[in-house]
Amino acid sequence: MSATAFAVRPTSARQLAGTGVLLRFALRRDRVMIPLWVGVNALMVLSMPNTLKGLYGTPAERADLIGQMATNSSLRAMVGPVFGDSLGALTAWRVGVYAGALAAVAGLLVVVRHTRDEEESGRQEMVASGMVGRRASLTAALLAAAVANGALALLVTAGLAGQGAAGALAFGLGIAGVGMVFATTAAIVAQLTESARLARGLTAAVLGAAFVLRAAGDSATDDGSSALTWASPLGWLTNLRAFAGERWWVLGLLAGAALVQGAVAYALADRRDLGMSFLPSRPGPAAGRLGSAGALAWRLQRGSVLGWSIGFLLAGLVYGGMADGAADLLGDNEGAREIFERMGGESGLTDAFLAAMAGMLGLVAALYVVASVLRLHGEETSGRAEPVLAGSVGRLRWAAGHLAVAFAGSALLMLLAGAGLALGHGERTGAILGACLVQVPAVWVIGGVAVLLFGVAPGAAMGAWGVAGAVLLIGWVGPALDMPRAVLDLSPFGHLPKLPGGEMAWAPVLVLTVLAVALVAAGLAGLRRRDLST
């Protein structure tokens with residue numbers, strides 16, 4: 001395209017010039033991450049009907065479940081109210097909130113990566129020097145998120161069509177709609193902040209607030225009518241009532257919110273300079289508390305540690321308070337008992353529930369440790385590591401600061417989760433703390449894999465998310481599908497003792513700790529020998 005042709009295009013067309021190329025580039029860069037997030041989410045949803053059929057196979061069992069949920073506010077806070085007794089309605093009840101949250105996380109990661117991350121690294125300035133419109137980058141990022149959510153909607157709709165075509169379509173579109181709402185939220189936050197890390201953190205905080213609002217509203221009412229539920233996009237997904245007399249107009253709320261937020265994001269992007277933000281970062285001194293590589297790493301990651309810590313403590317409080325209610329809900333349902341026993345051991349239903357929740361929080365902590373370790377990769381590829389390493393700071397010392405935050409931070413998260421579980425349950429504080437802390441070696445193994453990939457093959461460093469996602473999938477879906485032991489053992493979490501209630505086994509804990517140390521050592525050795533990215 002000639003410069004003259006570019007100049008005579010209408011203003012709107014000029015602003016979007018190059019969008020198609022940037023979209024193809026974004027999808028190519030995310031060719032691993034997007035299929036992974038979509039696949040994990042879709043498999044979680046589509047595996048649920050058969051699982052629920054085994055758990056609640058008779059009308060009497062389903063009626064008992066609905067009656068129990070009507071009186072159990074703590075479990076409604078966790079998964080929402082039940083609106084129907086069909087397998088489709090139970091699937092939407094059981095995984096709807098979490099499928100929507102996963103779609104939201106994928107959306108915010110995609111948008112921030114292709115907007116603020118690109119500006120922060122300086123690549124966007126180089127791209128913008130060509131024949132690329134002002135709105136092309138943001139449009140490509142939002143379209144990439146739309147592709148991911150559209151693929152998820154298609155898979156969910158096709159996979160659940162046997163439960164009812166209308167309900168499957170509503171549920172698929174609802175999940176995708178939540179993903180796009182938070183994708184456009186991320187687009188707004190990316191204009192406000194100067195840091196991609198802060199943009200991800202603030203959008204994740206909005207998602208956390210949406211979950212809390214929905215949980216508070218659903219615990220207060222058993223029909224989703226609370227104002228707090230309606231204040232949350234996750235609550236809108238609940239009130240869509242897929243497979244239970246669909247409220248199609250709720251999809252209009254999701255679409256409207258996404259469109260309005262997208263318009264706000266474009267308006268903000270039009271009013272700022274490239275690389276700038278409406279909330280600029282405060283410059284800080286390079287002395288005193290920031291006088292070492294470790295102090296700098298802590299300064300860069302302390303906001304993330306604080307946000308994750310609050311989330312784990314609150315999650316522990318909620319799950320701890322639900323332990324006795326879960327036992328009442330399951331009652332004599334042998335299928336549900338067997339799943340919890342596969343997840344948490346056979347020492348008693350309450351202990352099995354607490355052990356299962358400790359394991360689930362450990363799986364989520366693995367996501368934190370990967371994100372924290374890969375901060376090294378972000379510092380390197382953005383060019384910010386080079387000035388630090390140009391001084392008297394060696395590579396190992398630079399990396400050690402971030403790794404200390406990553407590995408010590410994951411241990412702190414599990415400690416806070418244990419404290420929350422113990423406070424919520426009100427009994428056996430020591431045993432519950434031990435159940436959470438025993439997850440730490442497995443979390444560290446996942447972190448060690450991230451260090452190894454970063455140090456030895458930095459181009460494949462993002463593959464650590466694939467490892468964490470696979471482990472998460474095995475932990476979430478494996479027990480429900482009664483996967484073979486050989487598959488469950490692929491996850492380091494599958495080798496840990498089931499606490500509280502089970503026998504403490506030190507051998508696997510020590511082996512996993514040694515393995516984590518070996519992976520970190522190998523990764524650091526590779527970092528010392530390779531060239532830095534430029």
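How many helices and strands are there in the protein? This predicted model has 27 helices and zero strands. Of the 534 residues in the protein, 51% are buried. The points below cover the contacts and surface, the nonpolar core and a nonpolar surface patch.

**Contacts and surface**
- Among contacts with a separation of 6 or more, 76% are between residues 24 or more positions apart.

**Nonpolar core**
- The largest nonpolar core contains 145 residues.
- Helix α8, which spans residues 87–114, gives the most to this core, with 18 residues.
- Phe171, Ile175, Trp398 and Phe493 have the most contacts inside the core.
- Phe171, leaving aside its neighbours within four places in sequence, is in contact with Val45, Thr91, Ala92, Val95, Gly96, Val156, Leu160, Leu240, Ala242 and Phe243.

**Nonpolar surface patch**
- Helix α17, residues 293–330, gives the most to the patch, with four residues.
- Leu423 counts as exposed because its relative accessible area is 62%, and exposed means over 50%.

Terms used. Residues numbered from 1 in each chain as written. Predicted model: local features only at pLDDT ≥ 70, side-chain atom pairs only at ≥ 80, totals over all residues. Heavy atoms only, no water. Helix = DSSP H or I, 4+ residues; strand = E, 2+ residues; numbered from the N terminus. Buried < 20%, exposed > 50% of the residue type's maximum accessible area, 1.4 Å probe, protein only. Contact = heavy atoms within 4.5 Å. Core = buried A, V, L, I, M, F, W, Y, C linked by side-chain atoms within 4.5 Å.
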